[in-house]
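Here is a short tour for a reader new to this structure. Have the sequence and the 3D view open as you read.

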Amino acid sequence: MKRNKTSVKNSRDPLSAEELTVLEAGMEHMQDDRSKLPPHDRSEHAHIWRFLRNHKLLCAVSILLALLLLAGLVVGVILLIHHLTAPTDTQLQEGDPITVTFFDRDPMEFDYDSLVKDGVFYIDMMTVADCLNLKISGTEHRLCFEGSDESRILFEHEKTYATINGFAVTISVPRIDNKETSPAPALVSAGSCLVPVSFMSEAVESGFSFKLNSETNTLRIRRVLTMVDNNKENAIPSPVLFTSDPFEEYIFPEEIDPTPRNPVYSIDISSYEKYILAEELLLVNKNNPLKSSHEPNDLSKLTCPTAKGKEYYLKKNAARALSAMMAAMKADGVTDVYVTSAYRSYARQEDLYDSYVQMHKNEGMSQAQAEKMASTYSARAGESEHQSGLCIDFTTNSMNGALETDFEDTDAFLWLSEHAWEYGFILRYPESEKKVAITGYDYEPWHYRFVGRAAAEEIDRRRLTLEEYLGKA
Ligand SMILES: [Zn+2]
């Protein structure tokens, strides 16, 4: 109190003793009734805070409105940027007819709805191929167009992928309604092959080009020329080439049918059935090698087509099932196929592996280097499945008896892909990287393993490896 008095006194004109008494009395009274004290905040904003305190709901609504306005602005700016950067074919004049000029033919007018489907602008590749004299092959719902140098592009009806030069890619396109890029299907039927324009224009590496005027809904498809000797007059048509480079790889969904299938045999297999149904689930791989003493006790000489001048053996069940399978292949018209290796003893595999190692040492490699090199294509003794007497390698005359991945292009491979399981055989070393990591062996389309029909059916249907089927590494 004393300090207060002093400060009051110092800051103002001196007060008389009476005045001070009155003031002190007043202050004591005010301390009893704090409502009479002046507001703490004497600033000029005080009335605003008071207003805010008294109108809470109004304030909350105002803040909300302001935030909404800001959000709307941000969305508006994003949409504007998106609109400005969207590919041109998302800006067709909706509903207006579309005029397409195929090379030097007269312009053709199409109904908007006949070329724009589900927000995607399509072009008929049949007409394009016809103008360019491209080779067309395939079936009603699956068409392949071949350009120069065996460059090819293949479409399937209602599939959202195309196969370009053997590589499956996603048909991904911007939508006309300005949604994000998304996969669109090719529409292949009744002599037409509708393909999204934006996809096609990127898939063409050389030969022709697309030019769209979205204001007039006109599309021109033109031949691209290459100048010879820097002379325009000597220009020649560029080769028609397709490329998969701009696109993402298409990952096929693993649709597994949960229902076991019943085989349909093209020959009478009744005398072979008990062998086909036998179960042979021995696992042989780098983690599960066979002992040098392992030798099947029921090796049976093969009577099916084999490499000339050699004798081949398999375990009895596998040998009989193989006879049935090869008889069925022959009945189905697949005649160019024969067995080029079957059972191999530990000693034989050892000799084979050592000969490869020796060959590389002769080339100047160290023992370790030579072994490493040989192991990339040959199994060490004990690690070869051929020692089990349950597997064979196929080849054909057209391949001159070689074991090459080209085997997958033969009729024999196509037949085996569809029917091997019916005879208890599986493709032992499938192609995908995932499977290679499991089996420890590169893709071998020629190597088939007998496991018995029930296991083969499940392994084939569920796209498993023997390791996965057995739940072992
Ligand atoms: Zn093999």
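Which helix do the buried residues of H10 pack against? They pack against helix H11, residues 367–375.

First, the whole chain. The model is predicted. The protein has 473 residues, and 28% of them are buried. Its secondary structure comes to 15 helices and 25 strands. Take the contacts between residues at least 6 apart in sequence: 66% of these join residues at least 24 apart.

**Helix H10**

Helix H10 covers residues 346–362, which is 17 residues. From its first C-alpha to its last it reaches 24 Å, close to the 24 Å expected at 1.5 Å a residue. Gln-349, Tyr-353 and Val-357 are buried in H10. These three lie on the same side of H10 because they cover an arc of only 65° around the axis. The other side of H10 has exposed residues: Ala-347, Ser-355, Gln-358 and Asn-362. After H10 comes Gly-364, with a positive phi near 110°.

**An open sheet of four strands**

Next, a sheet. Its four strands are ordered E3-E4-E13-E12, the sheet is open, and the pairing is antiparallel. Strand E3 (116–117) and strand E12 (187–189) are the edge strands, and each pairs on one side only. Two bridges link E3 with strand E4, residues 120–124, in the antiparallel sense. Lys-117 stands opposite Val-120 in E4. A helix also packs on this sheet: H6, residues 125–132, touches E4 and strand E13 (192–196). The direction of H6 makes about 35° with that of E4.

**Strands around E16**

Strand E16 spans residues 218–223 and runs parallel to strand E1, residues 98–102. E16 also pairs with strand E15, residues 208–213, and here the two run antiparallel.

| Pair | Sense | Bridges |
|---|---|---|
| E1 and E16 | parallel | four bridges |
| E15 and E16 | antiparallel | six bridges |
| E3 and E4 | antiparallel | two bridges |

Phe-102 has Ile-221 in E16 as its bridge partner. Lys-211 has Arg-220 in E16 as its bridge partner. In a regular strand, side chains alternate between the two faces of the sheet.

What do E15 and E16 form, and how many residues lie between them? They form a hairpin, with four residues between them. Asn-217, in the turn, has a positive phi of about 55°.

How values were computed: Residues numbered from 1 in each chain as written. Predicted model: local features only at pLDDT ≥ 70, side-chain atom pairs only at ≥ 80, totals over all residues. Pairing = 2+ DSSP bridges. Contact = placed C-beta atoms within 7 Å. Axes fitted to C-alpha atoms, helices over the stretch in contact; angles between N-to-C directions. Expected span 1.5 Å × (residues − 1). Buried ≥ 20, exposed ≤ 12 C-beta atoms within 10 Å, placed from the backbone. Arc of directions from axis to C-beta.
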